[in-house]
Amino acid sequence: MAAAPTITIAADDDDLAIKPAPSSTGAAPALDGIYHTRSLSRNRRPGSRRTASRASHERRSEHLDVEDNDDDWLRDDGRKKQVFKGTTLLWLAYQSIGAIYGDIGTSPLYVFSSTFTDLPTYDDLLQVLSVVLWSLTIMVTLKYVLIVLRADNQGEGGTFSCYSLLTRYAHITDRDPREERLIKMERHETGDMRPSNRTLRSSMERSTFMRGLLKTIGVLAVSMVIADGVLTPAQSVLGAVQGLAVVSPNISSSTIVGTSCAILVVLFCLQPLGTTKLASLFAPIVILWLGFNAGFGVYNLVVYDHSVLKAFSPYFAVRFFVEKKTAAWRMLGGILLAFTGVEALFADLGAFSMRAIQISWLSYCYPCLLLAYVGQAAFISVHPEAYSNPFYNAVPPGMLYPSLIVAVLAAIVASQAMITAVFQLISQLMKLSYCPQVKVVHTSTKFHGQLYVPFVNWILLCGTILVTCVYSNTTRLGNAYGVCVMFVTFFDTCMVTLASLIVWRLSPLLVFLPWLFFATVDGLYLSSALTKVPDGAWFTITIAGVLTCIFMLWRFGKENQWRAEAEDRFRPAQLLHRADGSSPDGGGLVLAPRWGGGAVSRIRGFGIFFDKTGVLTPTVFTQFVSKFGAVPDALVFFHLHPVEAPSVPSGERYAVSRVAAVPGCYRLVVRHGFMDEVITPDLAALIYEQVRNYVIQDAVGNGNGNGNGGGPRVEVAAAEDHEDHEDHELQSNATSTGVSGPTTTDAESRSQEAKTARETSSEKKLRAPRVLALADEAIKAELGRLDRAFASKVMYVVGKEQMRIRAHPASFPRRVVLTTFLWIRDNTRAKIANLRLAMDRVVEVGFVKEI
């Protein structure tokens, strides 16, 4: 009997790694696949080798049966909380000073002038100072820095992240089916919770009202922070430019507005530099500013009146409310300016870390601010008329001009806290489908939570310039300040209380009193701030209301879209069946009766179907087969799976599997980090290479082919002379069927550090490649079909889903909402023409869904 023909392959452990090829520019990969966009020159040293091993091949290719385990490629790829220590933690703490505390740090410029309307008496001064000091202590230090920051969602902060945290511990929201598997649910077992906590969770999960209320609170809090994000840059920059009137009283209003707009443009144009660079640039300014305040405070205490230190006693804060009653309540609207920006402190948590913020606040910012307010009070107690401009009037002799320069710079960078917070919150909204998908740029490979959102950046710029031109001075803008801050702090109190019961499982008896205390303080300040609504606070509330409607409208539309798409979630075996009597390796296919039951023909070519979910049957494939009654000779369901990491190691990047219901069909899932480039002109070559390598390695790894008795014969031999390693190529025996394809061991097109193969202690470690000999007709036929299909033509098949509104009685409001949703969707969705693909190979399959 004649010997079976064989295919001999020089196997290298790099045969699945698609990396940039060495070049003079270091920018163009041989196969333009996925690579780290920040570093394209990590090539292997000349002469380095890899040793092939069964274990390495198993790590590089996940051999899955998609019919049984169609989501086995999924891993814990969601966002993970980063923990920093040592010098990295101190570096983050330094950055946080520049990015977070600009807003709250510039409050000494206007707190006393905003609180008093007439010359204060000594008792009035002591009482207000005491309330300021204790407000900083209670609202910022005790509540936020020590408690609220702990309610993070995998390192992210803000009211909405707290809501997202609750959704992981209780079933209170629906999720995008594409994102559902990425969410790490940690719902506690019923028996592990106290009866009262369990009852609360059950009530939240069953009550439509409670679920809707929590959703609305989370979205409204984000909208209010964004509204403040429009207001704060205008307020801080206008205040900085108006500060020049101290040395130039004749400066005109148009000059102030024009200069402020120019500074705003520069500030927002700097945002693409990223949080790390901007925070490192701004940190010295804020540190110097807070140092000036602390130094001036000590000077004024020594020179003027150190007796104001007794304001640290809460007795004077209590007397403030007892003696002044309603007047004290009204004055809280000015005192709350002492901690505006505290909501950004929580929202910016994702860009830094809890420990970094705690270190920077407790060790530097908090003591400096206490000294600043005490020092100003010491000066005002001797010079009561100085309350109208407390900072500049209390400056020591000879320090006016230096302090003016630093104050102007600090006021300019004060808005960075809100800008960074808006970027963080928009990213959170997109993850839970409350906002259309826009481009998010990760600006640091080390600190994964530092983001820049270009579209939002330019929208904020336009909004702040418009506000600056319309309001033109800080007095009018100041009336709009405070209301949104207090709403957000109250929402945070409620959300963290729920988290303490549902997530941390604390006793309600332990939680109730702190909640009552903080809610009372929040309520006092909020009710006082609401008196500003007729004078200007209506502006930020209106912006927040409009944004909330847009976010909720988008979510409503997405939920209807998910329901419409649910009918397409089925396995490929439910769509296609093999015709009776057809061969199992590529015979006739017929559609299932649901789609007419017609025969499906084969067309020449290599089809790449873009898959949104990575599991079950891609909708575009269903539409293609049902409309054209044909499938390509070889086809791949291609899915991109984002990972919350800068880059994914090549050994963990690709997951290939066969789709058993369709001969010649594979699924390729590419796990990519946020710094990886994915869609490139040579994407088809990458996909072909990965599928081909999978077929070969699957034969080698299984050793018994399709499971029948006559499986493939696999011979593995070590090459004796590894100096000839680069000369090994894919070669066929003279009697073979002529399988052709690209070289699988081209060392110069694959750059990766050498590793040592895992071998038993009795085996000698070899650094030479192995030679794989495959003697199986089925494998040769599969490779031949794959090669011929790729050589024939390549098709990128992309779905274009259109939607129309289903007729429904009494549906006019619903129709208006969904029409708006569809308009926003059509104008924000990615355009196929923008993909970096060869457009002559793109096939767009359109289809319509009713919502």
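User: Which residue does Glu644 form a salt bridge with?
Analyst: Glu644 forms a salt bridge with Lys431, and their closest N and O atoms are 3.8 Å apart. A salt bridge here is a side-chain nitrogen of Lys or Arg within 4 Å of a carboxyl oxygen of Asp or Glu. This is a predicted model, where local features need pLDDT of at least 70 and side-chain atom pairs count only at pLDDT 80 or more, while totals for chains, interfaces and linings use all residues. Residues are numbered from 1 along each chain as its sequence is written, and side-chain values use heavy atoms, leaving out hydrogens and water.

User: Where do Glu644 and Lys431 lie?
Analyst: Glu644 lies in the loop between strand S9 (630–642) and strand S10 (654–658), and Lys431 in helix H18 (residues 416–431), so the pair ties together parts that are 213 residues apart in sequence. Helices (H or I, at least four residues) and strands (E, at least two) are DSSP runs, numbered from the N terminus.

User: Is Glu644 buried or partly exposed?
Analyst: Glu644 counts as partly exposed, at 25% relative accessibility. Lys431 also counts as partly exposed, at 31%. Buried means under 20% relative accessible area, exposed over 50%, and partly exposed in between (1.4 Å probe, protein chains only).

User: And which residue does Arg667 meet in a salt bridge?
Analyst: The side chain of Arg667 meets that of Asp611, at 2.8 Å from N to O. This pair links distant parts of the chain, 56 residues apart: Arg667 is in strand S11 (residues 665–672), and Asp611 is in the loop between strand S8 (599–610) and helix H24 (619–628). Arg667 is buried, with a relative accessible area of 1%, and Asp611 is buried at 7%.

User: Which residues do salt bridges with shared partners join into one network?
Analyst: Glu156, Lys431 and Glu644 are joined in that way.

User: How many salt bridges does the structure hold?
Analyst: The structure holds 21 salt bridges. One of them pairs Glu323 with Arg319, with the closest N and O atoms 2.7 Å apart. Both residues lie in helix H12 (residues 314–324), four residues apart, about one turn of the helix.

User: Changing topic, how many cavities are there?
Analyst: The count comes to seven cavities of 30 Å³ or more. On a 1 Å grid over the protein atoms alone, a cavity is a set of points where a 1.4 Å probe fits but cannot get out; a pocket is an open set with protein on both sides within 12 Å along at least five of seven lines; and lining residues have an atom within 4 Å of a point. Grid points are joined across faces, edges and corners, and a volume is the space filled by probe spheres set on the points.

User: What is the volume of the second largest cavity, and which helix gives the most to its lining?
Analyst: The volume of the second largest cavity is about 60 Å³. Helix H11 gives the most to its lining, with four residues. The lining residues include Asn293, Phe296 and Gln376, and the lining divides into five nonpolar, four polar and no charged residues. Ala, Val, Leu, Ile, Met, Phe, Trp, Tyr, Cys and Pro count as nonpolar, Asp, Glu, Lys and Arg as charged, and the others, Gly among them, as polar.

User: What about the volume of the second largest pocket?
Analyst: The second largest pocket has a volume of about 1,200 Å³. Of its 45 lining residues, the closest to the centre are Tyr110, Ser113, Ser114, Leu337 and Thr474. Helix H9 gives the most to this lining, with six residues.
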